[in-house]
Amino acid sequence: MGTVSTVLSPPALRTGMALAGAGFRRWATYRQAMLAGAFTNTVFGFLRTSVMLAVAAGAGGVAAGYRGPQLATYVWVGQGLLAVVQLWGWTELSDRVRTGDVQSDLLRPVHPVLSYLAADLGRAAFALCSRFVLPMVVGLIAFDLYLPHRPATYPLFLLSMLFATVVSFGVRYLVNLTAFWLLDIRGVIMAWLLCSNALTGMYFPIAFLPGWAQAVLWYATPFPSILQAPVDVVVERGTAGHQATVLAVQGCWAAVMLAAAVVVQRRAERRLVVQGG
Amino acid sequence: MPLIETTGLRKEFTVRRKAGRFRRRRHAVAAVDGIDLAVERGEMLGYIGPNGAGKSTTLKMLTGVLSPSGGEARVCGLRPVAQRTRLARRIGVVFGQRSQLWWDLPLRESFRLLRYVYRVPSAEHAARLAECRRLLDLDEFLDTPVRQLSLGQRMRGEITAALLHGPEVLFLDEPTIGLDVVSKQAVRSFLADLGAAGDTTLVLTTHDLADIEKLCRRLVVIDHGRVVHDGSLAELHARYDSRRRVVVDLDAPWDGTPVPAGATVETVAADGFRVTFGLAGGTAGDLVAALAGTGSLRDVSVLEPDIEEVVARLYAEPA
Ligand SMILES: Nc1ncnc2c1ncn2[C@@H]1O[C@H](COP(=O)(O)OP(=O)(O)OP(=O)(O)O)[C@@H](O)[C@H]1O
Ligand SMILES: [Mg+2]
């Protein structure tokens, strides 16, 4: 794509930053929704930790290579990440296609994938400061969580969350784009919900699955890159080399999903019928 | 070269109609059916037509959000769909039914963001914003989130948003829909000033013909996707032979005094004290002078031809 250099030019980056800032402030206006969400995620954190610790205890303290505190961290980081990568419930774009408001997006001199991505990163940044931090603090107080031993893990974890958000954004964007073909996308959303729960590592660590299934999921689908990847990075599963591999897989999926979003967007626009006068 | 040019512009929509109990047949409906249009820089064009005539569809094609099914369009020398992003920098668009503002953010924030989105130099942006704030009275609700604005307030915000990057063409699809009298006047006089400055080309669709009367010298009327009139308002009046009228009140019942050539008696009130004349030629002055001679003239008013009436006649004609 020859557009990469234009996308990374300083004026384009300023535009992106401004849009991301707007995404951040937009979500920051809904404080009560944020608190309610953080509260729910925290409650589920307690439930899931007790299940996970019971599983670990039954397996003699180690389950699929995770020790007890690592499993507790898996749960709490996962509960916080849910909101950062916005695993569930993003139908803004498909709603705008259905009502025809998507027309306003197309009338701006910024590629729609870029402006939605920027806004989503802004949203994720706000979620990181609020809906990630609150459950994490509770988890840290209430349980013995695994904290990274290698200092480099902290910045790598941030990078991994960024990749995870971009991959998740790409999948959500593609799911929403199907609205250009099917005005009712509830079926597609259901499929995405199933995958996002079962295959990202949300319900159980991917490592609980047989080896071949793990390989298929990690390399042939974007799902583990969305949740399992940042968790594995922060609990320092395996060596530093393993961390690097996880990040590389995520980076590839981020690039693939964005490229797919751009390509599908182009096809969608060609058959766009703006609804309503 | 015209700033906007279309040749044989067409758009067909496929709709499914019921045909029998379970079958549905696909139908192609031409919403825009071969439109040729040339608009020069600085023109103010009124683009009108009855509901469903294809006005919005045309504007969607000219702004690049809808691909034509046939024909060609050029705006600012660009192909709207293929070069949409480049075109977006050079045009401003207000679709009365939609918003281009950020729903959850204050108006001021939306304006600030648009500066980055369109990459407008800060001083230019500030100058244009100051102008709009003054002329459109925005200050009162500049810090209100867009979702809390009234329709009229939002519309003034939309127009400002469409102008902050200094577009060459401004497309307005029903910008005065649902506005109260005061807001309508504010928007109209603002657009009139903008047009008078001469740098901005305006394409306006509306069902409020007073907008057209105040703003547009040229009028394109479409019906069923085709142009049925392209010319000035005066030409439209001439085509339907619509006349100015002179209404006089008399002290004595009308007695059939001879009137100058060009004037004809249209109606006489039952009591004979009020007479309406149609003027096909000659001046109201001649007529009034002739009537003044009778000594019973009390009051006179001159009515301009009614735009609503003539447009209604045009719409009623089979396309
Ligand atoms: N998405 C669509 N699918 C099918 N038909 C459509 C679609 N959009 C518009 N049409 C049809 O195209 C025709 C023109 O519609 P358009 O919105 O351009 O009319 P308009 O002149 O703007 O009317 P109005 O004054 O009511 O706004 C109508 O007959 C409408 O039913
Ligand atoms: Mg319309």
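Chain A and chain B bury about 2700 Å² between them, and 55% of that lies on carbon and sulfur atoms. Buried area here is the accessible area (1.4 Å probe) that two parts lose on being put together, summed over both. On the chain A side, A:L107, A:R108 and A:P109 lose the most area to chain B, together 26% of what that side buries. The contact (heavy atoms within 4.5 Å) takes 30 residues from chain A and 31 residues from chain B.

A quick note before going on: this is a predicted model, in which local features need pLDDT of at least 70 and side-chain atom pairs count only at pLDDT 80 or more, while totals for chains, interfaces and linings use all residues. Residues are numbered from 1 along each chain as its sequence is written, chains are lettered from A and ligands numbered from 1 in the order in which they are written, and side-chain values use heavy atoms, with hydrogens and water left out.

**Across the interface**

What holds polar partners here? Twelve residue pairs, both at pLDDT 80 or more, are in polar contact across the interface of chain A and chain B. A polar contact is a pair of N or O atoms within 3.5 Å; within protein, one must be able to donate a hydrogen and the other to accept it, and residues adjacent in sequence count only if both atoms are side-chain atoms. On the chain A side, α2 (10-28), α6 (102-106) and α13 (240-270) each supply at least two of the residues that touch chain B. Helices (H or I, at least four residues) and strands (E, at least two) are DSSP runs, numbered from the N terminus. Helix α2(A) gives the most to that side, with nine residues.

The rule also finds four salt bridges across this interface. A salt bridge is a side-chain nitrogen of Lys or Arg within 4 Å of a carboxyl oxygen of Asp or Glu. A:R26, A:E92, B:D104 and B:R147 are linked in a network of salt bridges.

**Salt bridges one by one**

Over all chains, the whole structure has 30 salt bridges. Here are some of them:

| Pair | Closest N to O |
|---|---|
| B:E168 and B:R90 | 2.8 Å |
| B:K184 and B:D208 | 2.7 Å |

B:E168 sits in the loop between α5 (151-163) and β6 (169-173) of chain B and B:R90 in helix α2 (residues 84-90) of chain B, so their bridge ties together parts that are 78 residues apart in sequence. B:K184, in helix α6 of chain B, and B:D208, in the loop between β7 and α7 (209-215) of chain B, are 24 residues apart. B:D208 is buried, with a relative accessible area of 19%, while B:R90 is partly exposed at 28%. Buried means under 20% relative accessible area, exposed over 50%, and partly exposed in between (1.4 Å probe, protein chains only).

**Inside chain B**

The UniProt annotation "domain: ABC transporter", from an unreviewed entry, covers residues 9-249 of chain B. Over that stretch the chain is 35% helix and 29% strand, with the end C-alpha atoms 52 Å apart.

Helix α1 (residues 55-62) of chain B is mostly covered, with eight of its eight residues buried. After α1(B) comes B:G64, whose phi is positive, near 90°.

B:T200 lies in the loop between α6 (181-197) and β7 (201-205) of chain B. It counts as buried because its relative accessibility is 8%. Leaving out residues up to four places away in sequence, B:T200 touches B:G42, B:E43, B:P167, B:E168, B:L170 and B:L194.

How values were computed:
UniProt positions renumbered as here; feature names shortened; annotations may be inferred.
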